[in-house]
Number of protein chains: 2
Amino acid sequence: MRSASEASKDKGAPRSQCHALVVRGCAPHHEDYWAVRNNESKQMPRYAPVPFPEVKLEGQFWHERLDTVLARTVPSQHRKLGEYGILDSLKLPNPPPPLRFPRHANGFTVQVFWDSDVGKWIEAASYALAHRRDIDIENKIEAAIDDLEKAQAPDGYLNCWYLGREPEKRWTNLRDNHEMYNAGHLLEGAVAYFQVTGRRRFLDIMERYLDHIYATFGTGPGQRRGYDGHEEIELALMKLYYLTGERKHLDFATYLINERGQQPPHYFDWEREQREGSESKQPYVFANYEYSQSHKPVREQNKVVGHAVRAMYLYTAMADLAAELGDAALKRACEVLWDDVMKTKMYVTAGLGPSAHNEGFTHDYDLPNQTAYAETCASVALIFWAQRMLHLDLDGKYADILELAMFNGALSGLSRDGEHYFYANPLESDGTPTRWEWHTCPCCTMNVSRLVASVGQYFLSSAEDGVAFHLYGGIATDLEIAGTKVSLREVSTYPWSGDIRIHVDPETPAAFDVKLRIPGWSNGATASVNGETIPTGSAERGYLTLRRQWQKGDVIALDLPMPPVRLYAHPGVIMDAGRVALKRGPLVYCLEEVDNPGGRVQRLKLPRHALLKAETRSDLFDGIVTLTAEATSLEESEFAELYRTAPPREAPSTLTAIPYFLWANREQGSMMVWVPEAVAN
Amino acid sequence: MRSASEASKDKGAPRSQCHALVVRGCAPHHEDYWAVRNNESKQMPRYAPVPFPEVKLEGQFWHERLDTVLARTVPSQHRKLGEYGILDSLKLPNPPPPLRFPRHANGFTVQVFWDSDVGKWIEAASYALAHRRDIDIENKIEAAIDDLEKAQAPDGYLNCWYLGREPEKRWTNLRDNHEMYNAGHLLEGAVAYFQVTGRRRFLDIMERYLDHIYATFGTGPGQRRGYDGHEEIELALMKLYYLTGERKHLDFATYLINERGQQPPHYFDWEREQREGSESKQPYVFANYEYSQSHKPVREQNKVVGHAVRAMYLYTAMADLAAELGDAALKRACEVLWDDVMKTKMYVTAGLGPSAHNEGFTHDYDLPNQTAYAETCASVALIFWAQRMLHLDLDGKYADILELAMFNGALSGLSRDGEHYFYANPLESDGTPTRWEWHTCPCCTMNVSRLVASVGQYFLSSAEDGVAFHLYGGIATDLEIAGTKVSLREVSTYPWSGDIRIHVDPETPAAFDVKLRIPGWSNGATASVNGETIPTGSAERGYLTLRRQWQKGDVIALDLPMPPVRLYAHPGVIMDAGRVALKRGPLVYCLEEVDNPGGRVQRLKLPRHALLKAETRSDLFDGIVTLTAEATSLEESEFAELYRTAPPREAPSTLTAIPYFLWANREQGSMMVWVPEAVAN
């Protein structure tokens, strides 16, 4: 992991002097990174992220996912980028590959996103390199950077769609055509690649592009007051700012956040007027400003609206900026928006955005199951936002959602084999949808791979005098706390069990806080240090704080009982009326037909008082915990008609549920999360 | 109503010699029409339609609907056609109005349908004129015909989209751009206008256009073997053939039906190859051949697939042709397709096509309620198909569906005020959707108006020696049966009551059949003639045949008891598991929030054994029958969270249901057809 000071020092170094690949085992140097942050911040969040490569995943659950992503997902994604012409689209000035996807009347095609797909793949692949050096992957990244370097215009502009097809139209349609969004994803890739390898060529390319963008947009004379129709660059700029400490990146992110939704005139209106020809003046089908959260200035927004991924990326950057600038109005907006989504708009799996129409939000309690869009990207982006909220204000409610999204709505997007995906994550299926090998718009594929490849960053946060555990699952890390190097090792089979041991080994005895998240879902948690019981009732806002003089060999035991529970939805969620969801620990469960043979799972009803049994099944996947119960079943076989006056016969049955994120990895069949409930049967 | 022989005689008459408007009271002359049919047919269906103007609607139910359509719907639709530029689009060679709706990459825009909207409006308006002369409407029709006449190319071609914008591209994209579909709707308009007014100018225009089409397409040398991507013209040609008796129209309809789906090469593939430029080679998003039922020859089709309206129009023409040609393979295909849709693909409201994506069919039992597409046009077209099946084979199962679609899935598409519409007819709503004033693609608006304006045609069929009653609701007509003029008057308040009286008044005593449909939904029907009980057990295939010497003053009494019933769906319909639909007579009921205040109707559960009470409510609409029952209600008010482990509280409540077709005519709110059922509560 490269520090900000090193990044600054390297600025003028010739490109051939690339730093050796930094792999696990190299000492982290993130002090300078946070030092920059401390100097710049008006209000420093006390706890801040521990960058991911410093956290080693040892537990079986994440180890398996990570290995799959490294061995299968990252390489196969590169193959797909090739097969779909996405890599070729960077090879300018060669003619761009033939148009593969149709253009809307306003010129839009999904191909305008392609730069972002490359950026996200480089980001995911860079994280993969942090775990395991791979010359082949490095060469592939370098080859893409070669192409980007050649494609870059002399003035720094770098968008391969426009450079390849219609260079004269650059910056004419920020509303629809994602130039800044692409820049943001390329930038995230460049930051990740630099952090992991120390190679700054890609970062240099992107900084040149940013200088062009900064010169073009802004409130100064001759500048356009534009911002992107798809938020993304804002959070990427914050990453660059955290890395380099250069104020201009923070300033431009601030400009983008402040400018968004200002009117009249609305920038997208002004921009549309500038474009010529009746065709280009066609409204884009989603050109209402709620779609892109630009309907009003962000500090005035109090309802979560529009395209879900856009919204989450925006809120992530807003939370970053609120912390960085000490901006109370921005913090308040984040909190109000958080409450809105949590109280009325989130699936029980932490899926977001019920509607395929706008890939986003509709109205309160509109959470249909079978048609749930709940885009993988949106749950991944919710994790980003939750992490930023957690560092803005260390409250377990944010970590609860981070965890919920991680284990359910996000992880469901990647198949067990690491090469199939869900773009939409429905909570119910009659057996039709299956995972895809690839998507017309492959945004979700690389979002889930970059998440898993960097998952370590979400387990812990550190502060000057403490460490906070957010997630559990078997990790090890060395941190500098209270002036002492502290080895931390958390051992558990979480999420299958809540029986957790944390070994705290400071080099020398030292007093600091160890904060343990007590999940919102848990009931009856117990804790001890070296066998001495700690009352968990003293936990505040989701964290139990253990402050003491820590010594080598100290062991914390935390037990989070995980009885299976039933969840009921607010009656406003009409699809869930009379239904119940099953959950154990952080995992939401579902019924899948393969475990419940005999017809569609929707034939099953769970009696309200039936005992839910958790059962460890070593024969399923790598060993999971299933839930089983007595149930009743509607009989299909004797129902010849489509409709009739006699009710279907019901017979006693049983049901078996598996974790939701594992569905659609075996034979095709029906699935449901919300199970019809039989009351007083 | 003009007869076929008159139509032929008029052929060469100068256009100024228009016949006087034929209005109700003029003697019908449809004998020749059927004579032609008898001569031409290999297998004459015994019972054949009684054209609509000969059936006078006297019952309150249809009288009200008809009056609304005449007074409000037809005039307001003409206004909308003007406001949306559709009427202006006919005014060639003036420049066409600016493009209002975006074009797909392949050139498609909904504006390519516009000719059809005009044709359908003329058809509906013509039917309206049959009920009530209206100079203003006649002038508006004539003005549109003026424009069409001027627009027509010297070679007969008449498609205003192509003539106005890209005349060189005519006939290059039958797959997507609806040229024959438009011709079919214009032709239906021309036939209706001639039938009602005797004016044949529009018919002449269309016959010139057809001659051009017949010269262009076919299996002869130099002809293209094309057929339309949207079936419609086939059934329109059959109408023209029935009207004129000219074999060429039957032959071309036969050609279109026979050619559909033949391959290799598939015509749409061949045609695409002919088009130039990469953009025009873009696949249309629905260009799989199931979408347009051209995936295989029609006689080999055994699953209902693709776009629902396309499918229904095709099957309508197939049934017409099967009867006309005595084609057993075509009849068998119709029957197999009928069974498929009835057993696995029809909503309980007779809505068809669950998916908005393809406006059509998906897989067996896929009948989601809230997202039901169930396009109004599809239910209207199902009525067309059911009528043709009924005349191919007089079986009450076809009339049952005709009636179900009429009173539910089709009629729901038109608001009580006659000026608002549903394009999609969901069976459940959380309160969001409301009726529209108009649509981007206004096909449904004129489909429902032409249906209501001509609804009389569906009540009865006649044969040489009999008459068959299919629908009830208060009608009067004079028919020639068994050589005698017979006045028939059916008196009832159907569908509110099944208490039906039929007055049979032959001018002279005569022996003939009176067939009474005993609906499939009825149980315990009783019948009598002049007070003498007739055992209804002798009914065959849905019809009770009364054969006797009829005399003036004879009165048939038919009583169809209408207790409210519960319907259950096949357990394969996953959305309806644990739910029940309420029905009384032909009417499907729904719960609407305005009648069930206190929150979304989805909070309500109906206990399985709760008594359903039918209650006449003169205060609602013009007097309807509601259903009420004891129920339980989930309490929203005390549920603060989105999800929680404690179930929502339930309280005793009541529920009130209204006929489905009447929903969304009062204040906005939630609605559901399939009511959660409480078992053993």
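Here are some friendly notes on this predicted model, a pair of chains A and B.

1. Ground rules. Because the model is predicted, local features need pLDDT of at least 70 and side-chain atom pairs count only at pLDDT 80 or more, while totals for chains, interfaces and linings use all residues. Residues are numbered from 1 along each chain as its sequence is written, chains are lettered from A in the order in which they are written, and side-chain values use heavy atoms, leaving out hydrogens and water.

2. How the copies are related.

3. Size of the interface. Ile574(B), Leu642(B) and Tyr643(B) supply 16% of the area that chain B buries against chain A, more than any other three residues.

4. Who takes part. The contact (heavy atoms within 4.5 Å) takes 62 residues from chain B and 63 residues from chain A. Of the interface residues of chain B, 100% are also interface residues in chain A, so the copies meet through the same surface.

5. Polar links. You will find 14 residue pairs in polar contact between the chains, both residues at pLDDT 80 or more. Here a polar contact is a pair of N or O atoms within 3.5 Å; within protein, one must be able to donate a hydrogen and the other to accept it, and residues adjacent in sequence count only if both atoms are side-chain atoms. Salt bridges across the interface number 0 (a side-chain nitrogen of Lys or Arg within 4 Å of a carboxyl oxygen of Asp or Glu).

6. Backbone spots to check. A cis peptide bond joins Tyr494(A) and Pro495(A), with omega about 10°. Pro495(A) is in the loop between strand E7 (484-491) and strand E8 (499-506) of chain A (helices, H or I, of at least four residues and strands, E, of at least two are DSSP runs, numbered from the N terminus). Leu92(B) and Pro93(B) are also joined by a cis peptide bond, with omega about 5°.

How values were computed: Buried area is the accessible area (1.4 Å probe) that two parts lose on being put together, summed over both.
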